[in-house]
Amino acid sequence: MRVPFLDIAGAHAEIQDQLEAAVLRVARSGYFILGPEVEAFETGFARYTGAPHCLGTGNGLDALILALKAMDIGSGDEVIVPANTYIATWLAVSYCGAAIVPVEPLEATHNVDPDAVAAAITSRTKAIIPVHLYGQPADMDPLMELAGQHGLHLLEDAAQAHGAKYKGKRIGSFGEAACWSFYPGKNLGALGDGGGFTSTSPELAARVSMLRNYGSAVKYEHELAGQNSRLDPIQAAALQVKLQVLDAWNARRQAIAARYLEALSASGLVLPVVPQWASPVWHLFVARHPDRDAFRARLEAAGVSTVIHYPKPPHLQKAYTGLGYTKGAFPVSETLAAEVISLPIGPAQTVSQTEYVIEQVLKLA
């Protein structure tokens with residue numbers, strides 16, 4: 001048996017008729033930039049997350065950049081980010097000209113450590129960006145308390161957390177704003193690139209709305225130095241279809257994760273830890289193995305495809321050599337990068353495929 005890491009085509013097959021009808025509807029509509037399809041998705045996703053405002057963007061990185069720009073974050077400011085994250089979180093800060101201040105994660109959850117955030121705050125700190133990594137919420141209460149105490153912006157990177165809950169409430173409206181990726185492999189994925197911004201602040205939402213559209217709210221009048229980053233109507237229409245099945249597909253991921261946690265407890269792998277206040281949506285099921293690469297090769301030979309998220313932390317990437325970090329600067333993040341392995345998980349994964357993964361992990365770990 002071969003088990004793909006993620007079978008997007010298999011999931012799409014369930015809703016193929018609706019997806020094709022949505023794409024055809026846009027093609028016949030004559031609305032190809034913003035318009036009613038984008039507005040319909042924005043309304044639907046805002047309602048889903050519980051945030052009063054939602055805006056579609058070209059991709060998740062742009063959503064982060066636009067949010068930071070809307071917060072007037074730039075040169076001379078510091079932004080606290082996780083050391084253990086995908087590089088996009090760091091790139092957004094770089095594009096705004098602010099200084100990146102990385103902090104270590106909690107080893108158990110891989111999410112940012114609120115105590116490390118507290119220790120990193122200085123007079124120049126202007127924002128904190130927690131990442132809800134792998135679809136599991138970061139611990140928001142202490143982060144919101146820190147933001148309130150120090151007058152900081154709190155911007156959630158929710159690129160992997162569509163539908164996740166923190167203390168019973170969906171991610172997307174805890175901080176001032178949350179930014180989303182609708183990359184095809186996400187829990188809520190488009191048919192290409194796409195991103196989004198949700199917010200509790202009408203002022204921030206108004207600024208992002210202009211910034212994504214050349215800084216303009218009225219055609220040919222430009223209040224801000226904006227850019228072009230608008231969610232495509234075809235992607236919006238497809239996302240609206242997939243939003244209707246998001247909870248059901250997340251439930252399938254949760255069932256697979258529960259089975260992994262139960263069956264692999266004696267495998268020797270370090271399994272994900274879920275705090276009692278978290279309801280993850282399992283964008284990824286990330287375990288750890290001390291000899292990860294050899295273990296991964298054995299699984300691949302047995303037909304089980306895996307992915308490494310992420311093999312090199314941002315502070316060791318060539319793009320950030322200028323910051324002066326060397327190996328050992330963030331030992332927890334570096335240990336995770338050396339040991340993490342993402343097992344197959346997705347809405348189209350069958351029970352037999354899941355059981356085969358378990359069988360091979362137990363045999364090969």
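**Exercise 1. Which residue in S7 does Lys165 stand opposite?**

Before we start, a word on conventions: the model is predicted, local features need pLDDT of at least 70, side-chain atom pairs count only at pLDDT 80 or more, and totals for chains, interfaces and linings use all residues. Residues are numbered from 1 along each chain as its sequence is written, and side-chain values use heavy atoms, with hydrogens and water left out.

*Solution.*
- Step 1: find the strands, which are DSSP E runs of at least two residues, while helices are H or I runs of at least four, both numbered from the N terminus. Strand S6 covers residues 165-166, and S7 covers 169-170.
- Step 2: check the pairing, which needs at least two DSSP bridges between two strands. S6 and S7 are antiparallel, with two bridges.
- Step 3: read off the partner. Lys165 faces Arg170 in S7.
- Step 4: place the strands in their sheet. The open sheet has three strands in the order S7-S6-S12, paired antiparallel. Its edges are S7 and S12 (278-279), each of which pairs on one side only.

**Exercise 2. Locate the ring under the charged end of Arg170.**

*Solution.*
- Step 1: apply the criterion: NZ of Lys or CZ of Arg must be within 6 Å of the ring centre and within 35 degrees of the ring normal.
- Step 2: Arg170 has its charged end over the ring of Tyr48, 3.8 Å from the centre.
- Step 3: look for another case. Lys169 lies over the face of Phe174, 4.8 Å from the ring centre.

**Exercise 3. Classify the pairs that Phe45 makes with Tyr48 and with Trp180.**

*Solution.*
- Step 1: set the cut-offs. Rings of Phe, Tyr and Trp (its six-membered ring) pair if their centres lie within 6.5 Å; planes under 30 degrees apart are stacked, over 60 edge-to-face, and the rest tilted.
- Step 2: the whole structure holds twelve aromatic pairs. For Phe45 and Tyr48, the centres are 6.2 Å apart and the planes at 15 degrees, so this pair is stacked.
- Step 3: Phe45 and Tyr48 are three residues apart in helix H3 (residues 36-49), about one helical turn.
- Step 4: Phe45 is buried at 0% relative accessible area (buried is under 20%, exposed over 50%, partly exposed in between; 1.4 Å probe, protein chains only).
- Step 5: the centres of Phe45 and Trp180 are 5.0 Å apart with planes at 85 degrees, so that pair is edge-to-face.
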